[in-house]
Amino acid sequence: MVGSVTRPARPVPRRSARFTPWRAPAIAGLLTTGVAITGTTASFSGDELATYNAATRSLDALWELAEHIDGHFLPYYLFMHLWTLLGGHTEWWMRLPSAIGVGIAAALLTDLGRRLHGTAAGLCAAAIFAVLPSVSFHGANARPYAFAAAAAALSAWALHRVLERPTRGRLAGYAGAVALLGCTHLFSALVLPAQVLAALCHRVPLLRFLPALAAGCVPMAVLGVIGYQERHAISWIQPAEPEILLRYPKMLTGSVPVGWALLLLAVAGLAVLWRRGRAGAVLVAGWLLLPPPLLLTISALITPAYVDRYLFPAAPALALAAGIAVASLGRLAVPVIVIVAALGLPTQADYRQRNGHYDDFPGAVQVIKDRARPGDAIIYGQSRLRTGFGYYADGPLPDDVLRVGTAPSATGFGYPERSDVAAALAGRRRVWVVWRGTKEEGLSGSKIPVIEKVRDAGFRLAFAWHSAELPGLTVTLFTR
């Protein structure tokens with residue numbers, strides 16, 4: 001038509017480009033989850049069996065348990081209760097949430113590294129995180145520490161978005177991330193001072209930032225009060241001396257050579273990050289370096305609490321700082337990551353063995369089954385061990401002569417027991433006694449009082465076995 005104007009066709013939008021920033025994090029997360037969950041044959045540890053013990057109770061019984069012990073773990077136990085209702089109680093299913101947790105942490109590291117120093121830094125950080133032996137351990141561990149690491153990464157990622165633009169939505173997202181952090185593990189709060197310092201360095205409006213932080217800390221404060229009232233649950237922790245800080249790299253990574261190699265790389269990465277912007281450098285440096293002295297201070301002023309796994313939420317910061325340094329090496333980045341992975345292979349292999357979580361329950365059960373006779377009795381040096389022996393016993397065990405009833409204690413992870421050992425063993429010729437710990441500390445009677453009661457009943461040691469790891473499990477046979 002005369003006078004008509006031909007309009008140029010609109011370009012078809014490339015929808016895939018909108019999702020490109022999330023492809024790399026998704027792939028990094030899936031690969032990290034795969035590494036964590038692959039190849040392990042480790043038996044449940046005693047702590048994992050506490051998760052099993054709690055998760056398999058009714059909701060009313062779980063609430064009663066939380067009123068006496070591990071109340072600060074109630075959010076995690078509730079999640080695991082629902083998780084086991086969906087898929088059962090097998091090892092791989094109960095550990096899968098932790099594997100997903102470290103995968104989420106790796107995905108967030110990928111994007112946080114991109115925001116701080118570019119795509120290569122994010123990819124290198126995620127790769128380093130994926131090959132850490134500690135990530136394989138906690139990623140195949142039915143405990144909340146992988147969740148805590150993921151929540152720490154999420155809160156740091158959410159804070160960075162606030163530093164970019166402190167909108168109401170981003171501040172609400174940060175508050176939610178902090179709330180989730182507090183619901184994973186109380187000592188994950190040790191990463192928060194670094195975030196406050198980063199906000200101060202960036203001069204975020206405090207009248208907007210502090211209310212968001214305070215709102216996010218409400219669940220943490222409630223669970224903290226509960227945890228303080230139930231601090232008897234960690235009375236086994238010994239006071240720590242300042243020199244324990246030298247073990248921090250190994251605690252964080254699971255391997256001495258990997259830990260110190262990455263710490264050196266992390267120092268270089270923080271120097272690179274400082275030149276780009278102080279807030280990002282303060283965030284990562286504080287996230288990495290502040291938790292150990294803060295935990296040591298808590299241990300000195302409130303109650304001994306310095307345990308390596310409580311510091312695992314700082315592992316993503318180590319990977320992030322080291323990843324920034326490795327990314328700066330250009331073509332050498334891949335060989336360096338391969339070397340880091342190779343340094344950790346011996347520890348990776350150890351964690352995947354049957355006693356990789358330091359409690360070989362299948363091995364202990366098999367020792368008893370191979371030598372048991374009709375009429376044998378069994379006594380547990382620690383009542384809660386029944387959960388593990390019952391879980392792995394594919395068939396009947398010797399008669400549990402001290403147990404009263406069928407249900408675990410309503411106020412703890414042990415089981416009600418009768419105290420008259422001699423009467424319980426009347427007419428028995430052989431009794432198996434098992435405990436967690438070394439042979440020496442049990443047979444001396446210093447930590448396993450029931451040993452002396454068995455001896456007073458007329459029994460003498462005939463056989464003893466101990467698993468390969470310390471403290472490990474000890475199985476003994478006493479005969480008349």
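## A helix tucked inside

Let's start with helix H21: Leu 385, Arg 386, Thr 387, Gly 388, Phe 389 and Tyr 392 are its buried residues. Buried here means under 20% relative accessible area, with exposed over 50% and partly exposed in between (1.4 Å probe, protein chains only). Helices (H or I, at least four residues) and strands (E, at least two) are DSSP runs, numbered from the N terminus. With 6 of the 8 residues in H21 (residues 385-392) buried, the helix is largely enclosed by the rest of the structure.

## What kind of model this is

This is a predicted model, where local features need pLDDT of at least 70, side-chain atom pairs count only at pLDDT 80 or more, and totals for chains, interfaces and linings use all residues. Residues are numbered from 1 along each chain as its sequence is written, and side-chain values use heavy atoms, leaving out hydrogens and water.

The average pLDDT (the predictor's confidence in each residue, from 0 to 100) is 93 for the chain, and 96% of the residues score at least 70. Residues 1-19 have a pLDDT below 50, and beyond near neighbours in sequence this stretch has 1 contact (heavy atoms within 4.5 Å) in the model. Where pLDDT is low, the predicted coordinates should not be read in detail.

## The overall picture

The chain has 24 helices and 5 strands. Its C-alpha trace spans about 110 × 55 × 40 Å along the principal axes. Of its 480 residues, 51% count as buried.

## Two helices side by side

Helix H8 (residues 145-164) and helix H10 (residues 192-202) have axes that come within 11 Å and cross at roughly 10°. That makes H8 roughly parallel to H10, a label for angles under 35 degrees. On the H8 side, Ala 152, Ser 155, Ala 156, Leu 159 and Leu 163 meet Gln 195, Ala 198, Ala 199 and His 202 of H10.

## Rings that pair up

There are 20 aromatic pairs in the structure. Rings of Phe, Tyr and Trp (its six-membered ring) pair if their centres lie within 6.5 Å; planes under 30 degrees apart count as stacked, over 60 as edge-to-face and the rest as tilted. One of the pairs is Phe 187 with Tyr 310, stacked at 5.2 Å centre to centre and 25° between the planes. Phe 187 sits in the loop between helix H9 (168-184) and H10, and Tyr 310 in the loop between helix H16 (291-301) and helix H17 (315-327), so the pair ties together parts that are 123 residues apart in sequence. Both Phe 187 and Tyr 310 are buried.

Back at H21, the ring of Phe 389 pairs edge-to-face with that of Tyr 380, because their centres are 5.5 Å apart and their planes at 65°.

Technical notes
Axes are lines fitted to C-alpha atoms, for helices over the stretch in contact, and angles run from 0 to 180 degrees between N-to-C directions. Angles under 35 degrees count as roughly parallel, over 145 as roughly antiparallel, 65 to 115 as roughly perpendicular and the rest as oblique.
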